[in-house]
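Subject: Structure for your review

Dear colleague,

Please find below the structure that I am handing over to you.

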Amino acid sequence: MNFDKIFSLKNKIVVITGAAGLLGRQHADAVAKAGGIPVLLDLQAELVEKLATDLQSRHDVLTAGYRVDITQESEIEANCNAILRRFGRIDALVNNAANNPKAESKCHEKFSRLENFPTLVWNDDIAVGLTGAFLCAKYYGSAIARQGGSIVNISSDLGLIAPDQRLYRKVDLSEEEQPVKPVSYSVVKHGLIGLTRYLATYWAKQKVRCNALCPGGVENINQEPEFLKEVCSRIPLGRLAQAHEYQGSLLFLLSEASSYMNGAVLSVDGGRTCW
Ligand SMILES: NC(=O)c1ccc[n+]([C@@H]2O[C@H](COP(=O)([O-])OP(=O)(O)OC[C@H]3O[C@@H](n4cnc5c(N)ncnc54)[C@H](O)[C@@H]3O)[C@@H](O)[C@H]2O)c1
């Protein structure tokens, strides 16, 4: 078996949503490093175009960047047609875009608690994380089904377990005032696993594989030391991830290296969901 070949994405057209974000950039970089053609979708035209140009010059591969709001079906349909005109086919989709609803909001006390959580925020989180992933499957997935390929849905460790709300506690607040990780995040991330299993069977005859990747949390400079200490104590490896640490598993799921993997839920979380 030629390992260079089975991990290669040479000339594969890979559509990545939320490609301008923290992990989206890493996914795009992984695709480009493996010889694929990352097609970057996000909300800001200038930003995705610049990211695509940077990737192209760093890795000497073709790239493309488009402004697409994945909650808008007409934008996705038009973009899918544009990609097909430009590249002739689509080989893979990474459903990565999602809102990250925060436990706290500066403008709304007790905002994150279920009793107060604004329906508008819930609707927006579902629209991006779930409806957006469905719409991308509908158009880009249908294009992939013409010749086969791979769909990867980016779920989360919180697609497998409930958030440990003790992590967000503030000492000076009463029980009813304690901030929590909003319910919409759990529902979106669990829902993506349902979408994964559905798609894994739906286009199996067309040789479209679909798997979910469940990353754990990524370390960033805004995390307070107390939060970091608490969260790390719940992870067997004792630390959060670095942003680049999902590149290997994404490449595995997109490439022929995982050719018999379909409908799987791959947790890459330092062991967090074992405890
Ligand atoms: N960062 C983490 O710690 C972590 C952990 C587990 C899972 N995840 C998951 O990984 C994925 C990426 O996370 P991230 O940290 O890079 O998030 P991020 O917030 O940095 O990036 C998300 C990107 O999605 C884009 N986006 C939002 N709404 C959109 C829309 N309607 N249309 C198109 N693009 C839109 C945003 O502009 C942004 O660039 C998410 O699904 C997230 O839930 C992240």
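The notes below cover the overall fold, the ligand, a pocket and a cavity.

This is a predicted model, in which local features need pLDDT of at least 70 and side-chain atom pairs count only at pLDDT 80 or more, while totals for chains, interfaces and linings use all residues. Residues are numbered from 1 along each chain as its sequence is written, and side-chain values use heavy atoms, with hydrogens and water left out.

Overall fold

The protein chain has eight helices and seven strands (DSSP runs, H or I of at least four residues for helices and E of at least two for strands, numbered from the N terminus). Its radius of gyration, taken over C-alpha atoms, is 19 Å, close to the 19 Å given for 275 residues by the globule rule, so the chain is as compact as a globular protein of that length. That rule is 2.2 Å times the number of residues to the power 0.38. Along the principal axes, the C-alpha atoms fill a box of roughly 60 × 40 × 40 Å.

The ligand

Around the ligand are 25 residues, of which Leu23, Asp42, Asn96, Tyr185 and Lys189 come nearest (a residue counts if one of its heavy atoms lies within 4 Å). This shell divides into 13 nonpolar, nine polar and three charged residues; Ala, Val, Leu, Ile, Met, Phe, Trp, Tyr, Cys and Pro count as nonpolar, Asp, Glu, Lys and Arg as charged, and the others, Gly among them, as polar. Helices α2 (22–33) and α6 (183–202) each supply at least two shell residues, and α2 gives the largest share, three.

Polar contacts are pairs of N or O atoms within 3.5 Å. A polar backbone atom of Leu23 is 2.7 Å from a ligand oxygen. Ligand nitrogen atoms lie 3.0 Å from a polar backbone atom of Ile70 and 3.4 Å from one of Val68. The protein covers 81% of the 830 Å² of accessible area that the ligand has on its own (Shrake-Rupley method, 1.4 Å probe).

Pocket and cavity

On a 1 Å grid over the protein atoms alone, a cavity is a set of points where a 1.4 Å probe fits but cannot get out; a pocket is an open set with protein on both sides within 12 Å along at least five of seven lines, and lining residues have an atom within 4 Å of a point. Points are joined across faces, edges and corners, and a volume is the space filled by probe spheres set on them.

The second largest pocket holds about 350 Å³. Its lining has 19 residues, with Lys12, Gly149, Leu254, Ser255 and Glu256 closest to the centre. By class, this lining has five nonpolar, seven polar and seven charged residues.

One cavity of 30 Å³ or more was found. Its lining includes Ile70 and Asn96, and has no charged residues. Helix α5 (residues 119–144) gives the most to that lining, with four residues.

Yours sincerely

Technical notes:
A polar contact is a pair of N or O atoms within 3.5 Å; within protein, one must be able to donate a hydrogen and the other to accept it, and residues adjacent in sequence count only if both atoms are side-chain atoms.
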